[in-house]
Amino acid sequence: MDELTSVYVQESREQLAEMEAGLLRLEQTPDDRDTINAVFRAAHTIKGGSGVIECHFIEHFTHLVENLLDALRNDEIELSSAITTLLLECCDHMGHLVDTLAAGTPEPDPTLCADGEALTGRLKDIIAAEPGRGGSSSLTVTDDTVEVENLGNGVVNTDSWHISVRFGRNVMRGGMDPLSFLRYLGNLGEIIGTETITDAMPAAADMDPESCYMGFEIRLQTRASKSEIERVFDFVRDDCDLRILPPQSTVTDYIRLINELPEDNLRLGEMLVRCGALTQAEVDAGLKAQHAAEDTPAAEATAPPLGEILVESRMVHKEIVDAAVNRQTQIVDKKAREAQLVRVHADKLDQLIDLVGELVIAGASANLLALKSNQSDLVEATSILSRLVESIRDSALQLRMVQIGDTFNRFNRVVRDVSKELGKEIELSISGADTELDKTVVEKIGDPLMHLVRNSLDHGIEPVAVRLERGKRACGRVSLNAYHDSGIIVIQVSDDGGGLNREKIRAKAIERELIQPGDNLGDKEIINLIFEPGFSTVDKVSNLSGRGVGMDVVRRNILALRGTVDVESVEGQGSTFTIRLPLTLAIIDGFLVGIEKAAYVIPLDSVVECIEQKNLTGDRNFLNLRGEALPFIRLRDIFEIPGEAPARESIVVVQSNGRRAGIVVDHLMGEFQTVIKPLGRMFAHLRGIGGSTILGSGEVALILDVGALVNLVTRAEEERLLPHRHTLALASSSTNSTAIPSGR
Amino acid sequence: MGQISTSSAAAPTGGALAVHDAPSQQYLTFSLGGEMFAVGILNVKEIIEYGHLTEIPMMPTFIRGVINLRGSVVPVIDLSARFGGKSTEVSRRTCIVIVEVADDDTRHDIGIIVDAVSEVLDIPASEIEPPPSFGARIRADFIFGMGKIAGKFVIILNIGKVLSVDEIAMLTSTEGLSADSAAGTPLG
């Protein structure tokens, strides 16, 4: 895929997202002109781009969509729920088409084509149903207006072509004289008027006399066809911006021209003069058109009353003035936004992060050597260096941070579609949309979130009748919330639905042999059973959820991101699913410990304190920590490392999911910036080790997964002491572990 | 040690591309427990000296550990143990051969421990016999064929099978469980 196409694909996806968001907004406020204009613009941009990269299947389809949007924009068709649904489907289809383009396939596959045909048919039906449009696929809108104009008294002076041309900077360098084109144009017919546009001209000091800064607005009366006019500019076709409006063009077309004009600091009046909209005859005709439009009920909403028609030395259409004003504010907005953003390819960022990772490792190695050398100057220099590396690491990781808002906003559509399908009334409320987290995490959290939201919609929110019976509002509410909490990000999906039925879950778990009837489980344990594989409480399998694959997949995906998920629920009042995720997947702060010669890294955020203990022998693996019985794990035993433990051992007190435990090691080696290197699929089943990292010495050290390690030991002990609870122990073992992904 | 074997392997590797029209392929031969084995040269990425190995706990014995190969972490397999024999003793000539195996659409680098690397040989297809149905004391699907070199047989390995990531991952999971219960014993 060449660069142009990939830029187009990316931009189209953004425009599609905007279009979808706009359509959803329109559903709430059907009269919002700004929104419908935004939707139209998005579609128009997609179409325009597809023309440039010569992707005709997108162009054709989008053209039809644009026609319908245009009709909506001009109030020729009233926006109904059916149309919104159709347009949303069109959005999806355009998305698929863009995917097809991105995949490099020359044509969409047959099923997609069939979908496209069906949608095309429906689009055409709606457009055709509207009197006055008669299924015309041309974009020359408001045909009826034109008719009215002509029916008036025939003095309308729109029988000349309007040509806007902006020459590129290099035209004169290429040996072309812009004037010669105008002269040649004169051969085709009569040039009624020209306006020279010199807005692009920089200050005299900055001006390059060899560059061409000019543009022209030309009115030409001719019998020549559009292609003949275009041919005049053939020699500079690649290096100029040419727009041609045919005779009989309407106000709408001129508005579009204003919107497309490249100049940004245009003074309003000049802009209108240039558009040729200010010829007296035209203004008269335009006024007549408006009078006529007022008589046409469909167009009533747009036709501004005469009093509002702006008089600025001459009379102009309000629509045109508005468009010009809009255009000016838009330019300001756009400029401000462009200044803030730089588009960077994600691969480049990844490469930077990788390099920073290597830098961190190399820095650690330099530090190590400096310490060994015992030269205080060198030690100081390297410590400054490593502080800088640390800040580079932080800002590099910051680059990858994106707001979760876009992910959240996708669910507006899901909620709308699903609630229609289920016949429920559900609203989505979003908070914390500006919370930032790692791009990789954002990409991977979409699916689990989708499962949770669908689950809330399908199982959580009750049908309207039930809700009313329970004294709740008819309209259910699903909320998405995100916030930072000391180095991790918390995402919550909550609903005000029926909540989880503990008895039902219990019965189901017994039926599925996840627990034994005699098991005594806590409240939290019971409701978290829904994350077990093969668990589903709804008897009826809907096409949304209920296949029993949902929740355990959710948990697996989140575990793979080193995160956790749990659920809280109050019966009759709703449930809240809470996902906790690390901010980044690439680099963590670690605490380096050693046993014999091997080094291990404990994630620093799980370390509470370190204590030293003499003669830690005895049968029991717990100690008295300020009155608390702290169980501990001997790494030497569990990892089967040969050799005798030294007389003084160190215990690292760690905390994971509210449980504390000690890890007994030989010696402590201090903090260490840890670049996580996944161990690969071969070690996918390895529990207790979350990944690996490379030390300054070049050796590989293993990163301990504290939660999993504690679970491992707990399970082993439970298995030995309570053989009858075997199944449950297995099933619940991974509930709270934090796993480091085995592959990035 | 490491340098010697690296240089002896590097020269013929470069020539591998030239010999393309002949129906013979090049193989890297090495010794392991007194026997000669061969792997297709196209699978071999490099040969490095044995050392700096980090052991991974709770893994079957044939997974010796991981090494840092210029910034990426590569697992190292003890072939002898993988074939069901005893672990390889590390000697002066012990090397790690880094091979690349394709699995679905991803490629993995895996190191194998060998006693000594000998040479790169051309073995024409006509000189490769099918493996014996039994008697080689190695799983039959691990053997690609028996190459005849100067009247002697070398076992040409089907390295994709020997180092099948899926199979090894499966083996580690069962091993991991039994290691858990083993680890549970000293606790309490």
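Leaving aside its neighbours within four places in sequence, which residues is Arg82(B) in contact with? The first legend takes this up, and please keep in mind throughout that this is a predicted model.

View 1. Beyond the four places on either side in sequence, Arg82(B) touches Phe62(B), Ile77(B), Phe142(B), Lys161(B), Val162(B), Glu167(B), Ile168(B) and Leu171(B).

**View 2. Confidence along chain B.** Chain B has a mean pLDDT of 78, with 79% of its residues at 70 or more. Confidence is highest in strand E3 (residues 44–49) of chain B, at a mean of 92, and lowest in helix H1 (residues 2–15) of chain B, at 39. Residues 1–22 of chain B have a pLDDT below 50, and this stretch has 20 contacts in the model beyond near neighbours in sequence. The pLDDT is also below 50 over residues 176–188 of chain B, a stretch with 22 such contacts. A friendly caution for these two stretches: where pLDDT is low, predicted coordinates should not be read in detail.

**View 3. Helix H1 of chain A and what covers it.** Helix H1 (residues 3–28) of chain A has 26 residues, which at 1.5 Å a residue should span 38 Å. Among the buried residues of H1(A) are Tyr8(A), Val9(A), Leu16(A), Met19(A), Leu23(A) and Leu26(A). Thr5(A), Ser12(A), Gln15(A) and Glu20(A) are also on the buried list. The cover over these buried residues includes H2, helix H3 (56–73), helix H4 (81–102) and helix H15 (405–422) of chain A.

**View 4. His44(A), a position annotated in UniProt.** An unreviewed UniProt entry lists His44(A) under "modified residue: Phosphohistidine". His44(A) lies in helix H2 (residues 33–52) of chain A. Is the side of the story told by accessible area one of a buried or a partly exposed residue? With a relative accessible area of 24%, His44(A) is partly exposed.

**View 5. A five-stranded open sheet in chain A.** The strand order is E8-E10-E11-E13-E12 (chain A), with mixed pairing. Strand E8 (426–431) and E12 of chain A are the edge strands, each pairing on one side only. On average, neighbouring strands of this sheet are turned by 15° against each other, direction ignored. E8(A) runs parallel to strand E10 (residues 476–485) of chain A, joined by six bridges, and Ile426(A) stands opposite Gly476(A) in E10(A). H15(A) packs on the sheet, where it touches E8, E10 and E11 of chain A, and its direction makes about 170° with that of E8(A).

**View 6. Strand E13 of chain A and its two partners.** Seven of the nine residues of strand E13 (residues 574–582) of chain A are buried. Strand E11 (residues 488–495) of chain A runs antiparallel to E13(A), with eight bridges between them; Ile489(A) has Leu581(A) as its bridge partner. Strand E12 (residues 564–570) of chain A is also antiparallel to E13(A), through seven bridges, and here Asp566(A) is partnered by Thr578(A). Three residues lie between the strands in the hairpin of E12(A) and E13(A), where Gly572(A) takes a positive phi near 85°.

How values were computed: Residues numbered from 1 in each chain as written. Chains lettered and ligands numbered in written order. Predicted model: local features only at pLDDT ≥ 70, side-chain atom pairs only at ≥ 80, totals over all residues. Heavy atoms only, no water. pLDDT = per-residue confidence, 0-100. Helix = DSSP H or I, 4+ residues; strand = E, 2+ residues; numbered from the N terminus. Contact = heavy atoms within 4.5 Å. UniProt positions renumbered as here; feature names shortened; annotations may be inferred. Buried < 20%, exposed > 50% of the residue type's maximum accessible area, 1.4 Å probe, protein only. Expected span 1.5 Å × (residues − 1). Pairing = 2+ DSSP bridges. Axes fitted to C-alpha atoms, helices over the stretch in contact; angles between N-to-C directions.
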